[in-house]
Amino acid sequence: MRVKFNWVAVAVVSLVGLTAAQSAVAADEVNLYSARKEKLIKPLLDRFTHTTGIKVNLVTGKADVLLKRLQMEGKNSPADLLITTDAGRLHRAKAAGVTQGFKSSLLESEIPASFRDSEGHWYGLTLRSRPILYVKGRVNPAELSTYEALADPKWRGRICIRSSSNIYNQSLVASMVASSDVAKTEMWVAGLVKNFARPPKGGDRDQIKAAAAGQCDIAIANTYYLAGMLTSKDAGQRAAAEKMAVFWPNQNGRGAHVNVSGIALTKAAKNRANAIKLAEYLIGEAAQKWYAEKNGEYPVRAGVAQSSVLEHWGKFKMDSLNLSRLGELNPDAVKLMDRAGWK
Ligand code: FE
């Protein structure tokens, strides 16, 4: 299949009336491949251009397609930066050799070490959590405790979760391997699969909808999907989301599973200085607030206010696992999920 991409010039810089020196600045640009939807990134890029005069050329696409494209283009790739979700995918990009490490004292001071690659191949920009969501009135939260306890037979036929091909689930399972080992995690997955209400299908929102519709009592999903449904224009989505509550698992232990969306400098980057400027802009306070709020995620930078929806679900203990481990353990996670019968 041939996929056609169109560059979207994010900012139109008027050259009329500029001196030669100024127009050289105005011609400054940076090329970004983003697996995030245009509406979740473009307004920020516009602000960046407005502030710096650096034009951002944006290509959006599916994460795996963009990674393949970077691999195929090799050193001829026009891309300077890649933005994608999930540390597992960021690690894949690093392992595929399409990124390069870079240093930034700003990024290093603002982003906790567990949310960036130790060699600077990627830096987390936003944080997301994947807790247990339950149907109010059908589950007593006192019955819930940990991800591990979801394998208990009392949950037989009561859990909705998407397929094992999904990177979010692979990363959740990788975090469990990191906290115990492959054998114990495989046993856990086998127990969890027995508790599935139905064969996995659909995305995270579909699990929430199925739970609200009475097909299951528990859904595992990233909180920004629930936030998006709660603030949706669609009354049906709002009604479904309102039936659900968030339970933060493993609060007496390692904490709830978290992941990031992040940014990487490509190996082929030709506009290196501008690329680093953009990465640093995205970790700035205003960008962090907008970026996290717009998609119901958590800022990766400390001290930035959360959106009111997230505030409502309360503070929770996050797993402090270095997210590079999610990528390193991804092959183990994928294999054990397959062996344990998670379709
Ligand atoms: Fe997502």
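Helix H8 (residues 204-212) packs against helix H9 (residues 223-230) at an angle of about 65°, and the two axes lie 9 Å apart. The crossing of H8 past H9 is right-handed. On the H8 side, the contact is formed by Asp 204, Arg 205, Ile 208 and Lys 209. H9 contributes Tyr 225, Leu 226, Gly 228 and Met 229. By residue class, the contact of H8 with H9 comprises four nonpolar residues, three charged residues and one polar residue. These values, like those that follow, refer to a predicted model.

Helix H9 is largely enclosed by the rest of the structure, because six of its eight residues are buried. The buried positions of H9 are Thr 223, Tyr 224, Tyr 225, Leu 226, Ala 227 and Met 229. Among them, Tyr 225, Leu 226 and Met 229 also take part in the contact with H8.

Two of the buried H9 residues, Tyr 224 and Tyr 225, are also ligands of the iron ion. The iron ion is coordinated through the OH atoms of Tyr 168, Tyr 224 and Tyr 225, at 2.0 to 2.1 Å. The donor residues follow the sequence spacing Y-x55-Y-Y. Tyr 168 belongs to helix H6 (residues 167-179) and Tyr 224 to helix H9, so this pair ties together parts that are 56 residues apart in sequence. Tyr 168 has a relative accessibility of 10% and therefore counts as buried, the threshold being under 20%. Tyr 224, at 6% relative accessibility, likewise counts as buried.

Along the principal axes, the C-alpha atoms fill a box of roughly 75 × 40 × 40 Å. Buried residues make up 54% of the 343 residues of the protein. Of the contacts with a separation of 6 or more, 79% are between residues 24 or more positions apart.

Key:
Residues numbered from 1 in each chain as written. Predicted model: local features only at pLDDT ≥ 70, side-chain atom pairs only at ≥ 80, totals over all residues. Heavy atoms only, no water. Axes fitted to C-alpha atoms, helices over the stretch in contact; angles between N-to-C directions. Helix = DSSP H or I, 4+ residues; strand = E, 2+ residues; numbered from the N terminus. Left-handed = near helix turned anticlockwise from the far one by under 90°. Contact = heavy atoms within 4.5 Å. Nonpolar A, V, L, I, M, F, W, Y, C, P; charged D, E, K, R; others polar. Buried < 20%, exposed > 50% of the residue type's maximum accessible area, 1.4 Å probe, protein only. Donors = N, O, S within 2.8 Å, 3.2 Å for Na, K, Ca; no water.
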